[in-house]
Amino acid sequence: MEPVLRDGDWLVVAALRRPPRAGELVVLDDPLAPGRLLVKRVRDVTTSGVRVGSDASEHAGHLAERGVIPLSLVHGRPVLRYAPLARVGIPR
Amino acid sequence: MLALTRLLAPRLTAHAHCDVPCGIYDPSTAKIAADTVAKMVEKITAIDPKNNADRNTLVRCIQVKEEHAQICKKELLILWSDYFKPEHLEKYPKLHDTFWKAAKLCSKNKQNVDAQAAADLQAAVKEISDIFWATKK
């Protein structure tokens, strides 16, 4: 997800109170590995869920990015990156 | 300060990378491929192409040389694009040039039977391997 997110960034994640929109970052359960959280960007929203992708092209092959992910697996949106201090800001 | 850091530390980890293979990088595959190219060049040079018995071996050696030059390029490109990050480039400003020249050497070895080019490829892979392991310290 570079350059927006880097390894070790600390994020505040807001619970999802509305359906995610295309282009937003979301935190979701990895459909292939229950209990593992992913942070990805919403590519498009369908009636049955969302499709997500990576910003970094080298990770574009992630299996979770293929197919529609049900909204029940999408938990929230990163709203603030609060560490490291040099990178504090709103992750978009 | 430590207590504050602990207080603010995230409770959960979210991953942004690919699933299982991510983080498993090793230049040894490129090294073996480069060594294989050099060995094939050595064998090809020693073969008499006029000897019918050796012709089959010659063709096989050429095929293996080309395959391993391609494997070497693929492995180097994976390291270049997936493992190395901007912070590595700050420490090793010639990194892009080193990879670019090494990839070119893979092509040169694929196209030619050239002992010097094979040795240059081995040296280039060693240089990349040394940088890789230095970033792991």
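Which residues are exposed on the other side of α2(B)? They are B:Ser28 and B:Ala46, where exposed means that 12 or fewer other C-beta atoms, placed from the backbone, lie within 10 Å of a residue's own, buried means 20 or more, and partly exposed lies in between.

Before continuing, please note the conventions. This is a predicted model, in which local features need pLDDT of at least 70 and side-chain atom pairs count only at pLDDT 80 or more, while totals for chains, interfaces and linings use all residues. Residues are numbered from 1 along each chain as its sequence is written, and chains are lettered from A and ligands numbered from 1 in the order in which they are written. For the complex, the predictor gives an ipTM of 0.72 and a pTM of 0.53. Chain B has an average pLDDT (the predictor's confidence in each residue, from 0 to 100) of 89, and 93% of its residues score at least 70.

**First stop: helix α2 of chain B**

Select α2(B), residues 28-46. Helices (H or I, at least four residues) and strands (E, at least two) are DSSP runs, numbered from the N terminus. Now colour the buried residues of α2(B): B:Ala30, B:Ala33, B:Ala34, B:Val37, B:Met40 and B:Val41. They cover an arc of only 120° around the axis, so they lie on the same side of α2(B); the arc is that of the directions from the helix axis to the C-beta atoms. These buried residues pack against α3, α5 and α6 of chain B.

Next, select α3(B), residues 52-83. Its buried residues include B:Cys61, B:His68, B:Cys72 and B:Leu79, and among the elements covering the buried residues of α3(B) are α2, α5 and α6 of chain B.

Centre the view on B:Cys72. Leaving aside residues up to four places away in sequence, B:Cys72 touches B:Ala30, B:Ala33, B:Ala34, B:Val37, B:Cys106, B:Leu121 and B:Val125; contact requires C-beta atoms, placed from the backbone, within 7 Å. B:Cys72 is also one of the residues with the most contacts inside the largest nonpolar core, which has 21 residues. Such a core is a set of buried Ala, Val, Leu, Ile, Met, Phe, Trp, Tyr and Cys residues joined through C-beta atoms within 7 Å. A second, separate core of 15 residues includes A:Val27, A:Val52, A:Val74 and B:Ala16.

Turn to chain A, which has 0 helices and 5 strands. Of its 92 residues, 25% count as buried.

Select β3(A), residues 37-46. What pairs with this strand? Strand β2(A), residues 25-29, runs antiparallel to β3(A) and is joined to it by 5 bridges; two strands pair if DSSP finds at least two bridges between them. Within β3(A), A:Lys40 is the bridge partner of A:Val26. Strand β4(A), residues 49-53, also pairs with β3(A) in the antiparallel sense, over 5 bridges, and the two form a hairpin with 2 residues between them. There, A:Arg41 has A:Gly53 as its bridge partner.

A:Leu38 has its bridge partner in β1(B), namely B:His15.

Notes: Expected span 1.5 Å × (residues − 1). Contact = placed C-beta atoms within 7 Å.
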